[in-house]
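Reader: I am new to this structure and would like to learn how to read it. Could you take me through some of its features in turn?

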Amino acid sequence: MDQGAFSGKTLHERLKLVVKETNEDRFQFELTNFNKQVENAENTYVVSCLGSVSIHETLHQLINRAVDCEISDVEPSEYTKDVFRGRAALSENVLESVLCLLKCISPEDAAVTRTLRKINPHVVHLASGNVVKNLWTSASSVLKATKVLQQLKTLYRVDAYSDLLQVSLTGTKHDLPSPADSLYGLYLAIVQHVLTRDSWRRNPVSVASFVWVLLHTKSPWLSEYLGQVLPLPLNMVDDFTVENKIVGVKCLYHILQNVSHEELRWYGRADVVYAALRHQLYTKNTTLMTVLHPALLLVLRIVERAATSASSREMSRHDEIFKMIIYDSEMENNIHLRRSLTAHIPAFIDVMGISVVCHMTSVVGLVSNYLEIYDGPEETSRLNALSILKSLLLTVWPRIPVHANVLLKCLLKFLYDVGADTTVTPQTVKDEMTKLATECLLLLTKTAPDIVEPGLLSVCDTDTPVFVRDIASKVCETFRHTCVG
């Protein structure tokens, strides 16, 4: 064995001296030297030292030196790079130590396996908290964390992070290994102590780690840890900081996607998630709305099935949420919020089906209002309105004749505006709006031919701009061809 590189001391003894160093600068210097010594040592010697009975405790202390980052005197909304000064360099140095050791070993050795079982959950905690760019990371620390995680995948011979997290660390072979013995199960046992309801806001690194690991745990494995992973996202969604709300909603959406609906219904968990997400509709933030609406739509599919008939039925939670979104869209004046609020209404219409007739007047009014208002070069709100109308025409066509005159007038007026538009709107956007409006006119003609076709023909016989007349003529021709076919 080669002890020379460690100045006559064993690797474990040298590591103990490094960990005991209280001066931060001196600690960094000694740890850098230790890393160089490990690189120069023979692999067989490093492996033999890692089989030491208590070396995992020293490694645990080393990793915790970089992981422990409780911020108690600054609010999360006031975090800056200065709050985490020195954290990136410290994490990078510790990650380098871990990487050097991992490169020397393989999981076949029984003694090393015992050490790996005890330190790898902590390694994942450290690496996953630094693998994404953040206030406490640097480009080099992110790269080092990525290399550590990749080395773990190599060590356990897996290709994906989701498979790595389910590796059993017991060393025994079972067809159905216990989730508590997996790398993810042991990791959760560690982070739960610092991510309680009262302490999670003071531990941003552990929160970032939890989120990264959660988003890399997929179906069917996530179901095994549902009770452990659900509390923190719910706490984050309930936080007053919008950034935390957004991350919390993303986590809940991931859970909804990767846990079976039946398991989510057990113990009323889906209802709790629904209540938490519904409450966020009162927070007017563009980014939050963008991630919130798909999550709400998914949880609604879990807590109740969409109604198949619009007659003699009570208002469902689908109706409740849909009504709130439509109302907010009608009342909103902020352009960015108007875009976010209307982006997912077509998906709600598709899911709710014929029951949307209960909201027909509001939806038609919303579409008419949005098509009248210029929305900037991207015209996102008007495109959203056309998508809403298209979904409406396809879904509740039996009731369209009642509103056919209103819809025909607003579509023709919209096409007139598009043809007369001399602003900076790109031609590609104009073409997309024209295409969608033409499709809506054709669908409208099919659902209410006795009302719409005469109206379009009358347009063709007036001095309306050629752009509008050509579209009206094209729609009538296509409709007749369809009827003949």
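Author: Start with a pair of helices: α19 and α21 are roughly parallel to each other. Keep in mind throughout that this is a predicted model.

Reader: How is the packing of two helices described?

Author: Two packed helices are described by the angle between their axes and the distance between the axes. Here the axes of α19 (residues 345-352) and α21 (residues 380-395) come within 8 Å and cross at roughly 10°. Angles under 35 degrees count as roughly parallel, so this pair is placed in that class.

Reader: Which residues of α19 and α21 meet?

Author: From α19 come Ile345, Pro346, Ile349 and Asp350, and they meet Ser387, Ile388, Ser391, Leu392 and Thr395 of α21. By type, the residues of this contact divide into 5 nonpolar, 3 polar and 1 charged.

Reader: Next, salt bridges. How many does a search of the whole structure find?

Author: The search finds 20 salt bridges. One of them joins aspartate 271 and arginine 317, whose closest N and O atoms are 3.1 Å apart. Aspartate 271 is in helix α15 (residues 269-279) and arginine 317 in helix α17 (residues 317-331), so this bridge ties together parts that are 46 residues apart in sequence.

Reader: Which glutamate meets arginine 317 in a salt bridge?

Author: That is glutamate 304, with an N to O distance of 3.7 Å. Glutamate 304 belongs to the loop between α16 and α17, while arginine 317 is in helix α17, so the parts tied together are 13 residues apart in sequence. Glutamate 304 is buried, its relative accessible area being 17%.

Reader: What is the partner of aspartate 328 in its salt bridge?

Author: The partner is lysine 284, and the closest N and O atoms are 3.7 Å apart. Aspartate 328 is in helix α17 and lysine 284 in the loop between α15 and α16 (286-303), so the bridge ties together parts 44 residues apart in sequence. Aspartate 328 counts as buried at 15% relative accessibility, whereas lysine 284 counts as partly exposed at 38%.

Reader: Which residues are linked in a network of salt bridges?

Author: Arg14, Arg26 and Glu30 are linked in such a network.

Reader: How can I check the length of a helix, say α4?

Author: Compare the expected span with the distance between the end C-alpha atoms. Helix α4 (residues 55-67) has 13 residues and, at 1.5 Å a residue, should span 18 Å; its end C-alpha atoms are 18 Å apart, so the two agree. The buried residues of α4 include Ile55, Leu59, Leu62, Ile63 and Val67, and also His56 and Thr58.

Reader: How many residues of α18 are buried?

Author: In helix α18 (residues 335-342), 6 of the 8 residues are buried, and the helix is mostly covered. Those buried are Leu337, Arg338, Arg339, Ser340, Leu341 and Thr342. They pack against α16, α17, α19, α20 (360-372) and α21.

Reader: Which residues have a positive phi without being a glycine?

Author: Arginine 157 is one of them, with phi about 55°, and glutamate 379 is another, with phi about 50°. Arginine 157 sits in the loop between α7 (139-155) and α8 (161-165), and glutamate 379 in the loop between α20 and α21.

Reader: Are arginine 157 and glutamate 379 buried or exposed?

Author: Arginine 157 is exposed, with a relative accessible area of 63%. Glutamate 379, at 0% relative accessibility, counts as buried.

Notes. Residues are numbered from 1 along each chain as its sequence is written. This is a predicted model: local features need pLDDT of at least 70, side-chain atom pairs count only at pLDDT 80 or more; totals for chains, interfaces and linings use all residues. Side-chain values use heavy atoms; hydrogens and water are left out. Axes are lines fitted to C-alpha atoms, for helices over the stretch in contact, and angles run from 0 to 180 degrees between N-to-C directions. Helices (H or I, at least four residues) and strands (E, at least two) are DSSP runs, numbered from the N terminus. Angles under 35 degrees count as roughly parallel, over 145 as roughly antiparallel, 65 to 115 as roughly perpendicular and the rest as oblique. Contact means heavy atoms within 4.5 Å. Ala, Val, Leu, Ile, Met, Phe, Trp, Tyr, Cys and Pro count as nonpolar, Asp, Glu, Lys and Arg as charged, and the others, Gly among them, as polar. A salt bridge is a side-chain nitrogen of Lys or Arg within 4 Å of a carboxyl oxygen of Asp or Glu. Buried means under 20% relative accessible area, exposed over 50%, partly exposed in between (1.4 Å probe, protein chains only). The expected span of a helix is 1.5 Å times one less than its number of residues.
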